[in-house]
Amino acid sequence: MSERPSGIHEQPKEARPAYDFSTIMGLPVDYLGVPKEVEEMASAYLTQFDHGDTNKAQRVEWAYALRRQLQEDLRRVKREDLLDIFEQDESYAFSLAVYRRLLKDPDVSQTLGSELKRHERENEEVNGSYEEFKSLEQQLDDERGKLIALLSEMFKRSGQEPKPVHLMKRSLLESKVEDLEQRLEAIKHKNPDVAALIEYDTVKSYADQLRTTGFIWTKSRQRLLQEVLQGALTSRPVAAMMGETGTGKTALARAASLELASREPERTVGGDQEKFVRLLASPAIQEGKTYYEYGPLLRAMTGKSSSIDDQPSKGGGIFFDDEFNTRPTSVQRQILKFVSEARAGRKVTIPGTPLTVTVEPGFLYLAAGNPPSERYDREETGIETKREFAGNVINVEYLEQTKDNPELYQVMLAALMDQKTGRLTAVTPNELEPAWIKDGATGQSHLDEDPTHGGYLYRFAQAWGELFKAFSHQDTVLHKKDPSKPKAEFHLSSFILDPGVVLSWIDQYKASPRDRKEHLAVFFKAKLEKYLSQFPQEEQTLVRKYFEVFNILATQLNLDEVSKPRARVLTPKDVGYLNPNVERPRAKEPPPLLRATDFLDPNTGDVVFQYVKRPLKDGWDPGMSLKRKDTAPATMPEQGIFLGFLYDETAKAVDKTKAILVAKDDIPSFFDPERLRDFYDLDLPPTPEPGAYAESRTPFAYDKAKAKEYGFSELKIEKHEKAQEIFMAVYNRDSAFVTHYNIGDRDPDSTTTPPAVLTTEKWKVNKTALQDKWNTNCPDLPNIPEKSMWFFQALTEHRLAQTIDNDDLDFLKIAKEHIPDFGTDAFLLAMDYPEFDYTNDQEKQSALTPQTKKILQTLFNTQDPTNITRNGINIALWTNHDQRFQSQQAKAVITELLKNTNQNPDDFELRLMRYDEYARAAKTQSYGNKNLWTHFDGYYAHGDGRRRGLIGGSRGDGGAARVGRDPRAARYDNLGVRLVLSRKSS
């Protein structure tokens, strides 16, 4: 027996440090005595524990688990016995000795404190959203409880007219539950950190359920329970649950009984030996008198145990008829015919006996069965029997495994979690989590869909879900990979991997220190190989094909699965982020790099100095031309280009006192920024005189440096008067190209016999005449009539609109028509990225310069010109599309492009390129040679009046000769944006 030091006393609670791990239940661990042999055993254990490169995180987690276990157990010990308990109970003494030794490691004690602080900070860093979620979650639990209680009360009145107050309450509660569920989902999607804590709570709850009841109420199981409860409210007290073996039908029946009747169900299992009468009553003798012992079905109906009982000892209950369709069909009919009439309050005669009993409220016959197939020896339920269920049949599927509801994965996480500490100590994130792909441009991550990527446990969950589908004869991943083969070739007939089996493996893994030192994959592969060997060879071969897709049973281990990854301490938020249904937070953008540019000596090519392109105040940007003021000293350069500021190599910083001006002779001068402003003005090109457009073809001045910064360049487009003559002739319904049909004429587009008669006037483009005219006069333009005849027909019908016009359902009332303008020279500033094949990522990325990405980010909050809807474009560019009033962000861009030019930004518009501009510029700009569509300015009024945006240019559909139309809400990765700056049209 060890000697106990004197003078030990418990520290008062308020005197203890917030993160003091040196006490257990207020007693200092260093002064608590344990037997010498236990100390030696603890020393030997830690030597063995550290063998195999145990890292700091594993020691910290073990220390934390020991402390939590001691705190939990010692709460049951009387205060006066605490000092003696460690000498009397070897288990407590051993735990304390190991914990004390771990605590003496400075890394362990420091990490315990720092990680606990990190844990507690997590809740503070989510700005109250998590607390809001927990409050709403509690409200949801309360309202769900009220709803279930109400359904139970309504169930006990089945067969009677429902009370109006019950109907009103049910409607109100269902509405509240739905509203709370939506609000909770909104919070989850709003903040990834909150979503991570929510999913941690989910897994922790699953772990608690697993260890206390052996069953987990996942989301899909909760939905099924709700179906059972709602189905029980019918006037016929019968319901059925159908599903494959292992889907959890028995657990659902038990839960439904506890909710509806507050007791376990009366239960029997079908079979060809089970007689109907045995379910009802059997004669017995007591004191010379014959009476009847009630069978499980009659007990559930009456709440009585025998005919001797005067009054029911309890109300009606649930009779669970498991595997009911293993009974002969004749017995099935007998049972269903009997119970379907057994409604609350009715008197029923018991076949084969002289008994007449009263059915108590709350009785429900709940059958469960497997679907008839070659794998089950089941009777096909007859049509008469099916009719008795009155459609109240619930299909029970296996646990889900989807991105949004990864139940199989979360159930395994729950099994791996220590119930008391809520921590993952046996595994590391690399063994568990799915893989994510980060978009370098946006910082956003998305789930990696490659089935071979990610941690072993996640891949196994995916494969497990596919095996369940194969056993249920659903479409699987193998069907998708090889659709030419019959689906039945990929269906499993006997292999089923029950969740109970997998969870037992996890328990074995957690309980074995030797196994825990190996990668989870090593342990699982060994278990799977042994389990798989029990099945026929043909079945094994097919299962292996499924595992092969997800790299589950690979002969050659992955490099990251050869050995156990090093552990790290995981907080609840860290555990939450292991789930695939928690979005990764957008990566914080690093501070912009200070990019220094070399200034080279024009004669030698040597670096003279470095500078940083940084603007002066009030919008003087690098690259702008400057001219000397008349008041400046004549010794200063007359003209020059502003470069930016000198870069101080020693300080690795910008020298804000030295602005650089380079004269025409490439000689630099250094100015104080204020002096530069005092002595120089911007040297801007003159504004063209009115009417000078045709001669100069430069109708407006602009800031060239700013245009380059936004990825815009000049685009000069020549007029094509012959093409415009053709378009206007079609628009004006010239009889040379357009035939007029009156009311009463035969419809030229009719396909009926006899042809339909027109009820309104109609104009029809003469394709042959139009094509001949175009071939003769416009051979240098794309062949628009050949690829886009509909466009000319729309022009004839006056269905082309310049604006949306609020989607006027009368398409003839177009406020401003959109008429192609091939007949005027055009000068534009246009986004100058080259078109690309949208399926070629490398080509796409090389086409999108930082400048192009900047304008896209500024206006559309994306750096990709595709996948933007027409509605999204309109919101970004216009505050009032019909009046062509630009948005604030579009006005800001226009103002920057026209800065210091004396132009009025209100005279300009930032818009989509028009189709006539695209078609004329196609040859010089190589438009229409890629499989990329382009949004065009203008709309087509569809037959229902809805305005659809004009698009065109896709190579496979006619290239630059093609103009089409698409719904404004359409979003495609092969439909892009090209903006232009132009003067407003008159």
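A: The answer below goes through the sheet, then the helix packed on it. This is a predicted model, in which local features need pLDDT of at least 70 and side-chain atom pairs count only at pLDDT 80 or more, while totals for chains, interfaces and linings use all residues. Residues are numbered from 1 along each chain as its sequence is written, and side-chain values use heavy atoms, with hydrogens and water left out.

Strands of a sheet pair through backbone hydrogen bonds, either parallel or antiparallel. Here the open sheet has 4 strands in the order S21-S25-S33-S28, and the pairing is antiparallel. At the edges are strand S21 (712-717) and strand S28 (908-912), each of which pairs on one side only. From one strand to the next, the twist averages 30°. As for the terms, strands (E, at least two residues) and helices (H or I, at least four residues) are DSSP runs, numbered from the N terminus, and two strands pair if DSSP finds at least two bridges between them.

One pairing can be followed in detail. S21 and strand S25 (residues 826-831) are joined in the antiparallel sense over 6 bridges. Phe-712 stands opposite Met-831 in S25.

Helix H32 (residues 850-860) packs on the sheet and touches S21, S25, S28 and strand S33 (979-983); contact means heavy atoms within 4.5 Å. The direction of H32 makes about 90° with that of S25. Axes are lines fitted to C-alpha atoms, for helices over the stretch in contact, and angles run from 0 to 180 degrees between N-to-C directions.
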